[in-house]
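Grab a pencil and have the viewer open.

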Amino acid sequence: MYDTILLPTDGSAGIELVVEHAGELARVHDATVRALYVVDATTFTGLPMETTWEGVRQVLESEGETALEVVERLAPDDVTVGTETVEGTPSTEIVRYTREQPVDVVVMGTHGRGGIDRLLLGSVAERVVRKSAVPVVTVPVSERATDSEAVVEADADPAAGVERS
């Protein structure tokens, strides 16, 4: 059913559960995982004018390389993981990727923000669920988590929670 699983990452806490879920789904379907990092330059719009774009770009790309390396390291040894970095707005680029690349399902974390944070910051996962060309599995994670024991566990069944758009 699934040949390619897209796993977007921003390098935040809780990625362990997302990689674990994607890895199990990949095993069940003998699929490949594509880890995607979106260089989001809009997060640095408040930097002083003397900050060069090249310096900012290097920092962002370095963060992306680290985030992708973490996914590769955490993935099960018997699962093939490819990595890619793109530039733009995260939700837009993830959705674009699902439309332009051979992706069968997206597995991504959701931080579970509520109230004013969600209103002001929005939810990348929510926008991807609404606009994705393929099913999206969201794995609840906590920003304060430092290990998988402190994170709310996702459903143990890798096929559970798949939403169709």
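**Exercise 1: One valine**

Val-28 has a relative accessibility of 58%, so it counts as exposed. Keep in mind that you're looking at a predicted model.

Task: Find out which helix holds Val-28, and how far its C-alpha atom is from that of Met-1.

Solution: 
- Step 1. Look up the residue: Val-28 belongs to helix H1.
- Step 2. Check the label: exposed means over 50% relative accessible area, and Val-28 comes in at 58%.
- Step 3. Now go to Met-1, which is 27 residues away from Val-28 along the chain. The two C-alpha atoms are 9.7 Å apart.

**Exercise 2: Strand S1 from the inside**

Task: Work out which way the residues of S1 point, and whether they are buried or exposed.

Solution: 
- Step 1. Start with the rule: side chains in a regular strand alternate between the two faces of the sheet.
- Step 2. Apply it to S1, residues 4-8. Thr-4, Leu-6 and Pro-8 point one way, while Ile-5 and Leu-7 point the other way.
- Step 3. Check the cover: 5 of the 5 residues in S1 are buried, which means under 20% relative accessible area.

**Exercise 3: The neighbours of S1**

Task: Which strands are joined to S1 by bridges, and what stands opposite Leu-6 in S2?

Solution: 
- Step 1. Take strand S2 (residues 32-39): S1 runs parallel to S2, with 5 bridges between them. Opposite Leu-6 you'll find Arg-34 of S2.
- Step 2. Now take strand S4 (residues 105-110), which is parallel to S1 and joined to it by 2 bridges. Here the bridge partner of Leu-6 is Val-106.

**Exercise 4: The whole sheet**

Task: In what order do the strands of the sheet lie, and which ones stand at the edges?

Solution: 
- Step 1. Line them up: 5 strands make an open, parallel sheet in the order S3-S2-S1-S4-S5.
- Step 2. Look at the ends: S3 (81-87) and S5 (136-140) each have a single partner strand, so one side of each lacks a neighbour in the sheet.
- Step 3. Zoom in on S4 and S5, a parallel pair with 5 bridges. Val-107 stands opposite Val-137 in S5.
- Step 4. Finish with helix H3 (residues 90-100), which packs on the sheet and touches S1, S2, S3 and S4. The direction of H3 makes about 145° with that of S2.

Terms used. Residues are numbered from 1 along each chain as its sequence is written. This is a predicted model: local features need pLDDT of at least 70, side-chain atom pairs count only at pLDDT 80 or more; totals for chains, interfaces and linings use all residues. Side-chain values use heavy atoms; hydrogens and water are left out. Buried means under 20% relative accessible area, exposed over 50%, partly exposed in between (1.4 Å probe, protein chains only). Helices (H or I, at least four residues) and strands (E, at least two) are DSSP runs, numbered from the N terminus. Two strands pair if DSSP finds at least two bridges between them. Contact means heavy atoms within 4.5 Å. Axes are lines fitted to C-alpha atoms, for helices over the stretch in contact, and angles run from 0 to 180 degrees between N-to-C directions.
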